[in-house]
Amino acid sequence: MSIITSIDDLEKLYGTAGPASTVKESPRITPEYRRLIEAAPFCALATSGPEGLDCSPRGDKGSCVIIENDTTLLMPDRRGNNRIDSLRNVVRDPRVALMFLIPGHGNALRINGRAVVSIDEALLTRLEMEGKRPRSVLVISIETIYFQCARAIIRAGLWDAAAHVDSSTLPTPGQILASLSDGSVGGEAYDKEWPERARTSMW
């Protein structure tokens, strides 16, 4: 196996990025980037900590974050599985990366920055959804923001209904849990109860 072990060799292989790849980067939210953020109900949140890396899906009604100002985002931590992998990492290493996706839109949006975990009472109340406050809020300070071209989404056929996978052909969460726990967790009952459990614990 041939492996690249130096930045010089890597740059020789790929060459120099064109101006469209570099001028798009901004240290703050521009009017155009604001429109993309406000239209994105989903993003992946990447963090790093002593135990390693984590990438967590985040979604919300409308936009998955709130724009506080042109260099600050607010991300409420809605109900989940209580693993808090991302939050554990942020407490010890504030670096974060986000990738926003907009259903039907080709380009992704990327943000790198630093975050803190806030439990400010006024902030929790402000970000309440359907009477439920988040337990905490990530306050993200933006260091750089830029869009990612549409090639990956086009190659994946992500928004093409004809390319969507039939869920019935895939293992269910209940089946995965049962397999990994020798049947002590999950199973058919887990899958059957999930829709109602999700409905009553969404926020």
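**Note on the predicted model: salt bridges, a buried arginine and overall layout**

1. R58 and D77 are both buried. In this predicted model, the two residues form a salt bridge, with 2.9 Å between the closest N and O atoms. The pair links distant parts of the chain, 19 residues apart: R58 belongs to strand 2 (residues 52-59), while D77 sits in the loop between strand 4 and helix 4.

2. R78 is found in the loop that runs between strand 4 (72-76) and helix 4 (85-92). Is R78 buried or exposed? R78 counts as buried because its relative accessibility is 14%, and the cut-off for buried is under 20%. The side chain of R78 makes a polar contact of 2.9 Å with the side chain of D60.

3. The surroundings of R78 deserve a separate remark. Leaving aside residues up to four places away in sequence, R78 touches D60, L127, E128, M129, K132, P134, M202 and W203.

4. A further salt bridge joins E130 and K61, whose closest N and O atoms are 2.8 Å apart. E130 is exposed, because its relative accessible area is 54% and exposed means over 50%. K61, by contrast, counts as partly exposed at 47% relative accessibility.

5. R126 and E68 also form a salt bridge, and here the closest N and O atoms are 2.6 Å apart. R126 lies in helix 5 and E68 in strand 3, so this pair ties together parts of the chain that are 58 residues apart in sequence. R126 counts as partly exposed, with 47% relative accessibility. E68 likewise counts as partly exposed, at 38%. The count of salt bridges comes to 13.

6. Which residues form a nonpolar patch on the surface? The patch consists of I4, I7, L10, L13 and Y14, which together have about 550 Å² of accessible area. One of these residues, L10, is placed in helix 1 (residues 7-14). L10 counts as partly exposed because its relative accessibility is 36%.

7. As to the overall layout, the protein chain has eight helices and seven strands. The domain assignment gives domain 1 (20-159) and domain 2 (165-202). The C-alpha centres of domain 1 and domain 2 lie 27 Å apart. Taken along the principal axes, the C-alpha atoms of the chain fill a box of roughly 55 × 50 × 40 Å.

8. Some totals for the protein chain complete the note. Of its 203 residues, 31% count as buried. The accessible surface comes to about 13,300 Å², and carbon and sulfur atoms account for 56% of that area. Among the contacts with a separation of 6 or more, 63% are between residues 24 or more positions apart.

Methods. Residues are numbered from 1 along each chain as its sequence is written. This is a predicted model: local features need pLDDT of at least 70, side-chain atom pairs count only at pLDDT 80 or more; totals for chains, interfaces and linings use all residues. Side-chain values use heavy atoms; hydrogens and water are left out. Domain bounds come from an automatic or database domain assignment. Patches are made of residues with over 30% relative accessible area and no salt bridge: like charges are joined within 9 Å, nonpolar side chains (Val, Leu, Ile, Met, Phe, Trp, Tyr) within 5 Å. Accessible areas come from the Shrake-Rupley method with a 1.4 Å probe; for residues, only the protein chains shown count as cover. A salt bridge is a side-chain nitrogen of Lys or Arg within 4 Å of a carboxyl oxygen of Asp or Glu. Helices (H or I, at least four residues) and strands (E, at least two) are DSSP runs, numbered from the N terminus. Buried means under 20% relative accessible area, exposed over 50%, partly exposed in between (1.4 Å probe, protein chains only). A polar contact is a pair of N or O atoms within 3.5 Å; within protein, one must be able to donate a hydrogen and the other to accept it, and residues adjacent in sequence count only if both atoms are side-chain atoms. Contact means heavy atoms within 4.5 Å.
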